[in-house]
Every structure is written in structure tokens, then in C-alpha cells.
Amino acid sequence: MCSGGEEKLIKISELAKICGTTTHTLRYYDSEGVLCADRVDAESGYRYYSLDAVERFKKITFYKEMGFSLDEIRRIVKTGLPLSELIAMMDDKRAQLCDQITGLLSLLANVSNHMLGSTGHEILVGKLTLQAAQILSRLLQFLSNTLQFLGNIHQLTHGDIQLGVAGCD
């Protein structure tokens, strides 16, 4: 599915070590056409990559962290999308995240309402309290990742965005 030019090449294991990933992930990305080996030895099947594969891997990781699918990432990195189209894709992703945040905040409100009685005392203890704490922890991590994502969009687009749920239309 992929082909590349000739230059100093490194083994897949070296690229995996540099990028902090596994050879399995790199082979998967190659098979999906997202990060293609520059050369594959016909006899051994070993994959070799140019040093610029490190930067390509970083871009893939960046888009993955923003929630793009491999199909979307392939489209971005392979076709050299115009900036306007990339911004539109990121805006769609932002809208999806806003919907997820709204849903999670609603879930958080429901959990809080079930945990607290009218006097403010906990009415559920033990396992439910632990589950609520785990949900809250995941929500905080998700919100932190979302804010980082929105900051990345801001950096790419140099536009003004609102980081609160009120900015989700």
C-alpha cells in the first residue's frame, strides 16, 4: 500500500524506541497506510524507515490525541489537506467534544443528585461512592484532555475559542 524514497534508513525497532511505541503499532500503521515503511525487505519482510518518520509519527499521535480516527488521520497526512479543510475537520471534532462534555456533565449532575440527600448527607456509600469517584476522576481527565485539545486547535487556527461548555453550540 505504501512506497517511499531512498535515504538513511533505520529499523522498525529503532523507530519504535525513538517514538516510544511498539513495533506492533508501527506495523499496524503501515498496514493501514498511515505511517508507511520507506522500504520493506522482500526476503525478510523487515521494515525500514527514514528519520523523518519520527516527525510523521508525532503528527499521527497529535491527531490521535485529538480524537481523529485512523481514516481521518490517513486523509490528513497523506493528501496534504488545505488548511481550511483541516480547520473544518477540527471544528467538527470540537463540536463532538462539546456534545460529549455536555453529556458527561449531565451524568455528573445525576450522580451527584443520587449521592446527596436533601440535607446534603451521603445516602449511598461503599461501592457506589467508589464508582462515583472513579467516574469523577475519568471526567476530570477527559476535561483536561479536552481543554488541551481545544488549546491545540487554537494554536493551529489562531482563532478565538471558548473553553467552557457555554462555547458549545
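Modeller: From the N terminus on, the elements of the protein run β-α-α-β-β-α-α-α-α, which amounts to six helices and three strands. The model is predicted, so local features need pLDDT of at least 70 and side-chain atom pairs count only at pLDDT 80 or more, while totals for chains, interfaces and linings use all residues. Residues are numbered from 1 along each chain as its sequence is written, and side-chain values use heavy atoms, with hydrogens and water left out.

Biologist: What makes a stretch of this protein count as one of its helices or strands?

Modeller: The elements are DSSP runs numbered from the N terminus, where a helix is H or I over at least four residues and a strand is E over at least two. Helix α1 takes in residues 12-19 and helix α3 residues 53-65, helix α2 covers residues 23-31, and helix α4 covers residues 70-79.

Biologist: Why is α1 called oblique to α3?

Modeller: The two helices pack at an angle of about 50 degrees, with their axes 10 Å apart. That makes α1 oblique to α3, because angles under 35 degrees count as roughly parallel, over 145 as roughly antiparallel, 65 to 115 as roughly perpendicular and the rest as oblique. The axes are lines fitted to C-alpha atoms, for helices over the stretch in contact, and angles run from 0 to 180 degrees between N-to-C directions.

Biologist: Which residues of α1 and α3 meet, and how do they divide by class?

Modeller: Leu15, Ile18 and Cys19 of α1 meet Ala53, Val54 and Phe57 of α3, where contact means heavy atoms within 4.5 Å. The residues of this contact are six nonpolar, no polar and no charged, given that Ala, Val, Leu, Ile, Met, Phe, Trp, Tyr, Cys and Pro count as nonpolar, Asp, Glu, Lys and Arg as charged, and the others, Gly among them, as polar.

Biologist: What makes the pairing of α1 with α2 roughly perpendicular?

Modeller: Helices α1 and α2 pack at an angle of about 110 degrees, with their axes 9 Å apart. That makes α1 roughly perpendicular to α2. In this pair, Ile12, Ser13, Leu15 and Ala16 of α1 meet Thr23, Leu26 and Arg27 of α2, and the contact has four nonpolar, two polar and one charged residues. Leu15 of α1 therefore belongs to this contact as well as to the contact with α3.

Biologist: How do you know that α3 is oblique to α4?

Modeller: Helices α3 and α4 pack at an angle of about 140 degrees, again with their axes 10 Å apart. That makes α3 oblique to α4. Ile60, Tyr63 and Lys64 of α3 and Ile73, Ile76 and Val77 of α4 make the contact, which by class has five nonpolar, no polar and one charged residues.

Biologist: Why is glycine 67 called partly exposed?

Modeller: Glycine 67 is found in the loop between α3 and α4. Its relative accessibility is 43%, and because buried means under 20% relative accessible area and exposed over 50%, with partly exposed in between (1.4 Å probe, protein chains only), glycine 67 counts as partly exposed. Leaving aside its neighbours within four places in sequence, glycine 67 is in contact with Glu72 and Lys93. Glycine 67 and glutamine 96 are 29 residues apart in sequence and 9.6 Å apart in space, C-alpha to C-alpha.

Biologist: How many residues of the whole protein count as buried, as a percentage?

Modeller: Of the 169 residues, 28% count as buried. Among contacts between residues at least 6 apart in sequence, 55% join residues at least 24 apart.
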